[in-house]
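Subject: Structure handover

Hello,

Here is the structure I promised to pass on to you. My notes on its charged side chains follow below.

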Amino acid sequence: MAEPSAGPAPRRLAVRRLSLTRFRNYAAATLDVDGPAVVLAGPNGAGKTNLLEAVSFLAPGRGLRRARLSDVDRAVPGEPAPDTAWAVAARLDGKLGEVAIGTGRDPEAEGERRLVRIDGVPAKSQAALGDHVTVSWLTPAMDRLFLEGASGRRRFLDRLVFAFDPEHSTRVNGYEHAWRERNRLIRDAVRDPAWYAALEETLAASGVAVAAARAALVARLNRVCAGTEAPFPAAALRLDGTVDRWLEEAPALDVEERLRATLAAGRRPGAPEAEGPHRSDLAVRHVAKDMPAERCSTGEQKALLVGIVLAHARLQAVDEGAAPILLLDEVAAHLDDRRRAALFEAVLALGGQAWLTGTDRDVFAPIADRAQILEVTDGRLAPAGIVGFRGETSNG
């Protein structure tokens, strides 16, 4: 591994107790957690991914499903909507020590508003969660990351950047807001150049900052991925976009000025869409085969993706002294036995905590002696082999 170096063992970010209230198919549940790995085994639709989603809400963002907050509320066919909204509470070992986190939808707010409490004190925003915990995940929806549109790959990369730079999300959101406002001015045929100039100043500054942060992380990931060990293939990442190429050729201030000029030239209705980081793509190649990821087999694509996520986790362990909590939903799919066993060992070697799901409990046999295993069937979690669970669920 090229960049991470030997040093003190990282701290372990780990959930110690997780409580859900009216969350998806869970009416109320409390789970006590012990050990480096939690395995949730059971049929599809039993509620395994719902538990992973609950853990993902302990970090800033929209969770691993990117769901509307109101869609997370528990709903039972034939029953009236509840008066209370969903909530997740956890006690965990965080970056700054033991901490209690509570979060959920604000039922009294108009629209979608998320509440966050840290050690019982209301936080100004969910961004405060990033001071205590980092969560990373792989889901079945990501299996097609290299085959579908560039927007999904941009979101994937931005989430990786956000783990190192909490302000990245603010810059991305600010850029997207300014872009929508500029498009509205063009659509409404507004002619006042001052309106455009103010928005284009924001677009140039935040856009170049977004592109530069992406480029910095891609460079670091490439150094780590170059040392990826079998059976996971080494991946080579590259940003493909006009602004990304400009940054390779000129200083950031010069690129800002060039982007401002490009935006100013495209203010009229019907003009070609202006350049910017919203048009960038993340290109990935299988190094050994010198082949674009989208042309690789399904298994090779999954292995490339796993390798990138593991490289990112190793960088976090070095930079922050603690690997992220990993949520691996149906991660065994498309991996052969050799890669599956190697993945389990690599995840445990990170020194963090991992939550894994699968339909076949036998798949997790290589780590059965080190994992806390829950059987999830028809919305129920079996207590066998766990420290403690109590809860009520409904099918889902």
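The side chains of Asp319 and Arg220 form a salt bridge, with N and O 2.7 Å apart; by salt bridge I mean a side-chain nitrogen of Lys or Arg within 4 Å of a carboxyl oxygen of Asp or Glu. Asp319 belongs to helix α7 and Arg220 to helix α4, so this pair ties together parts that lie 99 residues apart in sequence. Asp319 is partly exposed, at 42% relative accessible area, whereas Arg220 counts as buried at 19%. The cut-offs here are under 20% relative accessible area for buried and over 50% for exposed, with partly exposed in between (1.4 Å probe, protein chains only).

Before going further, please keep in mind that this is a predicted model: local features need pLDDT of at least 70, side-chain atom pairs count only at pLDDT 80 or more, and totals for chains, interfaces and linings use all residues. Residues are numbered from 1 along each chain as its sequence is written, and side-chain values use heavy atoms, leaving out hydrogens and water.

The structure holds 31 salt bridges. One of them pairs the side chains of Lys95 and Glu320, at 2.9 Å from N to O. Lys95 sits in the loop between β5 (87-94) and β6 (97-105) and Glu320 in helix α7 (residues 298-320), so parts 225 residues apart in sequence are tied together. Helices (H or I, at least four residues) and strands (E, at least two) are DSSP runs, numbered from the N terminus. Lys95 is buried at 17% relative accessible area, while Glu320 is partly exposed at 22%.

Arg260 and Glu201 also form a salt bridge, their closest N and O atoms being 3.4 Å apart. This pair connects helix α6, which holds Arg260, to Glu201 in helix α4 (residues 193-225), 59 residues away. Glu201 is partly exposed, at 39% relative accessibility. Both residues belong to a salt-bridge network together with Glu256 and Glu257.

Finally, have a look at Arg267, in the loop between α6 (252-264) and β11 (281-286). Arg267 is partly exposed, with 22% relative accessibility. Leaving aside residues up to four places away in sequence, Arg267 touches Arg182, Ile186, Pro193, Tyr196, Ala197 and Glu200, where contact means heavy atoms within 4.5 Å. With Glu200, the Arg267 side chain makes a side-chain polar contact of 2.7 Å (a pair of N or O atoms within 3.5 Å; within protein, one must be able to donate a hydrogen and the other to accept it, and residues adjacent in sequence count only if both atoms are side-chain atoms).

Best wishes
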